[in-house]
Amino acid sequence: MRTKRKIISIVVIWVFVMGILSVAHAEYRFGILNATTGAYAGLGVHKKKGIMLAIEKINKEGGINGEEVVGIYEDFESDPSKAISLAKKLIIQDKVIAILDCGSTAASLAVKKVTEKRKIVQVNTTPRSALAVDEPWPAYYFQTVPDNSVDAQKIGDFVKSLGVKRVSIIHDSNQYGTSGAIFQNDYFKKAGIEVVLSDKYQKTDRDLTSILIKARDRKTEAVVVWGTIPTPAVIAKNIRQLGMKVHYIGSSGLGSPKLIQLAKEAAEGIVFTSALAYGKMLPNEKPLFDAYKKKYDKFPNYFTALGWDCVMITVEAIKRVGGSKDTTKIRNSLESLSEFYGVIGKYKMNPTDHNGLDTSALHLVKIIGGKWVVLD
Amino acid sequence: MSFSNVLQILVGGLTMGSVYALVALGFHIIYNGTRAINFAQGEQVVLGGVIALSCMSTLKLPLPLAFFLTLIIGGVIGYFYERLAIRPNLETSELSIIISSIAVAIILQNSIAVIWEKDPMYFPPFTKGGSLEFMGAYMLRQSLWIMGITAASVVALDRFFHQTLLGKAILASANNSEAARLVGISPFRMVSCSFILSGCLGAIAGSIVAPLTFAGGPLGTMIAIKGFAGGILGGLSSSRGVVLGALLLGILEFFIATFISEGYRDAIAIFILLIALMLKPEGLFAQE
Amino acid sequence: MRGIKELAMNRNTYSKVIDFMLFLIIFLFPLFDSNEYHLDVAVIIGIYCIINIGLNLLLGNTGQISIGQAAFFGIGAYCSAVLTTNLHLTFWLSICFAAILTATLGISVGLTSLKLRGHYLAMATLGFGIIASTVYVEWTELTGGTSGFLNIPAPSIFGFQLDNEFKYYYLVWAFVLLVFISTQHLINSRIGRALQAIHEREITCGAMGINPAKYKLKIFTLSAAYAGIAGALFAGFQNYISPESFSVYSSIIFLCMIVIGGLGSVWGSIIGTVILSIFPEFIRAVASSEFISPQIKAILNEHSYHLIAYGFFVLIIIVFLPEGIVGGVKRLEAKAYEWLHSKQIVIE
Amino acid sequence: MALLKTRDLVKNFGGIRAVNLLNLTMEEGEIRSLIGPNGAGKTTVFNLISGILQPNSGTIDFQGVYLNKLRPHERCQLGIGRTFQTPHMFSRMNVLENIMLGCHSWTGTEIFENVWRLPKARREEDDIVRTSEEIISFLELSEEKDNIANSLPFGKQKMVAIGRALASKPKLLLLDEPCAGLNESETEWLCEILLKIRKKGINVFLIEHDMGLVMKVSDTIVVVDYGKKIAEGTPAEIVENERVISAYLGSP
Amino acid sequence: MMLKTENLNTFYGKVHVLRDVCIEVEEHEIVCILGPNGAGKSTLLRTLAGLMHPKGGRINFKQMNITELSAEKIVIYGMSLVPEGGSVFTNLPVIDNLILGIYSQQKKLSKEEKTIRLNNVFDLFPILKERETQKAGTLSGGEQRMLAIGRSLMSKPEMLLLDEPSLGLAPLVVKDIFQALQDINKEGTTILLVEQNAKATLEVADRGYLMLLGKVMLSDTSDNLLKREDITTLYLGKKRQFSNK
């Protein structure tokens, strides 16, 4: 009996302590919904680094009106339905005032219903689905990454400038790759460039000669790849293996030092779009590069920048309404956020565009001699 | 479709098939020793890759030495895996062994991600140089290594199980453990042996396929499933069967990806596998 | 052995009371804990319970493994989603259709189970799971592909919207109760005994007039239908579904849940589901509690240790309780009974 | 009409012919024994009759019904019950439940009725319990009724197995070595039981090595060797038969 | 003294199966243990072979204490059990089954010695030679029994324990097996035999023990046992006991 009583008293005290702790917070709580396990783990870790660095920086600079920013991190294991539960957890239990990242397009969409209902801002780092692009922006739904259509336009313009007539599109079978390929196809159709092949791959594929020989047979002059590391590196290796002489153009998803590390010589000559102007650092990119260099002694990649920016624009929006914790005010402030330079580019939000980035945010980067060289 | 393309598909299919085959051989060994399925096999392969990489990059060992060290570490991990996770369940049921192996797979997968990194890592090929050309088809030098070592493993395992006393003892103790004890075979030791063997095999597989698949990364589940499918297709009880099944699966995948649909590749390959199983429930290449 | 048996007899008389009490607790739970997040977790647990009761009937009672249960779950979910969203059918009708569709598919997968056994059956069901996952992704027009299926309406009952966690909790757990009772009845009937016999020794069954093929097929169908119903409930609750929720990994986790809970026991399915679903919450609570120093917290935050912990948790349970939690409890009960018995003898 | 009739039954295993052109005719109301050396194919004959194996050629008739196409459970429903060499108890069931299982062949409620405990299912359950308890008292197993069948002594398990076969209300009972593993008193008792079973109008066909029992209870004996019938007749005839002595019994 | 047990007590779960069993076997003897079902005969053999461990008592084999040794170890010391029903490795061919019999001595044996032993077994059971490459699972019950005995003989045990070698076998085969046992014995192997078939067993055995309810009731030479009337009544024992199966 005695042990029983002891256990009960411990439980009671624990609950009591937890209760006090959960009430006593005078801080800005951001929920960070991110996947560091599962299919999106490879991207999730980088985004998370960016977010954590940004929060660190803000707090070092005195937080918002002297109050600390706290990031409450949850891993949704790349399963959108888990993301729904965790979004509820963050909002109800942790009382966050914004949800950042959301990890994947599917998860962003899944969480949308919860955030709309409870009027909490969600700032995503993933582009909207191609299926949802024609719909108006949901009220509480923002993103730091340029829409795939913007990226597709940048790639398309470059391909056009190469004078290529026959291209192949190879894309990741996930949401990002699929919707990118849709925009890319549309662009080429309008531009009068023939798409000889449009095919997809699974993230775990490690040999894509089966697709590439089809492209080779159809006399493709350029291969446009929509996807994220590592499989684009496999494509580069396979192109080299097959001895194909084609232009290799990639979407922003390729923007990672890993590409060169994995593909080695095969990465030579790859061109990809990037929001980060590697090599010629723009002033708005400096804080991230400095912070990252200091902590990890490396260059940050595109995804780190996305994570960084989603903290930065949220904090900026809060600052612009005088540090209010009212989520509707934050939303309105975010919607009117313009002329704000993030690492990615200049955000010009408005009620019809909750992102506000255009092709000017993107640069073309070419790999020459194992180094990034910015083309424009 | 030209002949060279068909050849190219065969090369790709055989290479990937060999990767699956090495995993399937691991399944085969454990199946021979315990009649259970070791779902951690895929992760053991991934682990082999990253360990070999660490041996080379951190310890600065030359490749053959790194390969050898990885083999030993793989065996040791196999041993501890068996002692800690499998042995307590040996006498209950196959199902609890399977669940144990799933738990170990989860632990290994995430531990690899924590200890190394979540992204795949570059692993240098065994021999330098561009791809080899043969009648219009191009083949990576590493593919030859993979196929060669797979073939060697099959022959070695086949001989081990059918010509050495220890191999026969493993088969015997899985078949009838009481009778095995009565002739002096310790069933526990036999299970240990099979796990050490499959650990070694995982390590070999991991280090030879890593130049192709990269080291680390979220590959374990996929190759475990493919290896299992290949093994079942061929018939789990014979080493030749599992390898043929896995190779067939690899080639099938490449043909489907090229001629039908990359998206439905897995689905169609599995569908064909199911039909094959309906026609020959014990596997296509099973003996008897 | 005799002791255990007598205990089992006693249990039969008490078990109904215990069942009733436990369900009473379950049904009173929302009145004491109105945290919507907790209710959300409880709803998901309830949905998984429905699947796992079916899976346990299949595996624990009939001895047929299925690593494709999440596929039926997904098919039920997509079926209901399509019917309610695109065709504007009522939720209740969609549940019926989901159950019928999954049952039909269950028959066709079950047909393979007649020919295959053991690992070969495991592969067949796993294969079915993979095929289903591929179809969710590829049939974009219907399923939304990787974007997932959006804007599924919340169900209503006689115009009463089941749009929050509290209301949905009762809906789901009412279903669990229904499935629980019917499965209990089934297990304790002539068919339940036949299933047990098929599980243990199929050849002997034929000699006793039991048609193993028929029952295997029927149970496969039934468990598929359970999963289908669960899927429809899931779609209605989440208002959004995507292929990731119905992956092979989910199937494997379902398997872990019932093995850890206890094979062949309906309560085992429920307990296993609850424990493996609650565990991540527990880890979360530990990781964010004040007892852990900020340095360790920072490390924990840097990496995803929770899945490693999850793996170890599953491993520890299966190593120490190979027959699952219910099996362990039963063994404990038997021991306690024997102990009591020995005391009595001493007193005499 | 003959109860059971096989014509030119053949069963091959690989290259070995386990049953070779076997013709059997069994009339109503008899106890018949099937004896022969190990590996002579006796159990195979039982497996063919009960449908666990399919013959390579030849026919089996049971009360004029052509059996070849029927599966084991259908044959059981027609009235062929059997036991196996080992008792095959179901480990998690007690004696009563084991015997209740035997009642499966003549009951017919479906999943739906049982799930909702409809009156029909309840009535049937009562029937099953009643029949099983009758059999239990017939076999004097009442004391063991609630014990887990697997924990019983071997002899008792064999009794339960016979009870389980009886529960299917068979017209023909196939017993595969019912005496193996029994001691002499148990064997004697089994003898009485067999005679009582016959009195109930159930025909018994048994495989047995215990010649004492075989001679005592059998009306006729069939001797097989290498899958072939080498002799058939009353016990007295068989004992005298030269071929049987050289192939099986051995000279005294 | 080849084998000597002192007050062996073995439990099967909660059931006390062996109660203070003391037996002795001299070299080159054939000793049989008789008794009704459930007397604990099989349990005694399993305890001796190390498959079960006694809760009390002591087993001495060739002046060595082997009480705590496991089955795998005991084989090495030269005691081999042929279990009830002759459990063979059904998935392996007959020849491999036999070869595994020398597993415990693999390092010590020359190739020639292996061949000699194999031939000895084949001489004893010619049918096994015919079935050499056949999987053991396809053999009939009697053949499997022979295979199991042959497998035990491969290790050339000094002592052979046999559990009901005649169970379920045709009278002719039983004769064969008993003949084989006598041959084996003549070559110098000590045999401890558990049997139901009292008469046939006593004809080949030198001495016999009678067990009842886990206890050794009496021991005597075969001739004496055969003569004694009360044995038959005891052996028939009307009581039906709890068995260890």
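This is a predicted model: local features need pLDDT of at least 70, side-chain atom pairs count only at pLDDT 80 or more; totals for chains, interfaces and linings use all residues.
1. Eight residue pairs are in polar contact between domain 1 of chain C and domain 2 of chain C, both residues at pLDDT 80 or more. A polar contact here is a pair of N or O atoms within 3.5 Å; within protein, one must be able to donate a hydrogen and the other to accept it, and residues adjacent in sequence count only if both atoms are side-chain atoms.

2. Residues are numbered from 1 along each chain as its sequence is written, chains are lettered from A in the order written, and side-chain values use heavy atoms, without hydrogens or water.

3. Chain C splits into domain 1 (53–245) and domain 2 (247–348), with bounds from an automatic or database domain assignment. Their centres, taken over C-alpha atoms, lie 25 Å apart.

4. The two domains of chain C bury about 1600 Å² between them, 73% of it on carbon and sulfur atoms. Buried area is the accessible area (1.4 Å probe) that two parts lose on being put together, summed over both. In domain 1, C:Asn56, C:Ile67 and C:Phe180 lose the most area to domain 2, together 30% of what that side buries.

5. In contact terms (heavy atoms within 4.5 Å), 26 residues of domain 1 of chain C meet 17 residues of domain 2 of chain C.
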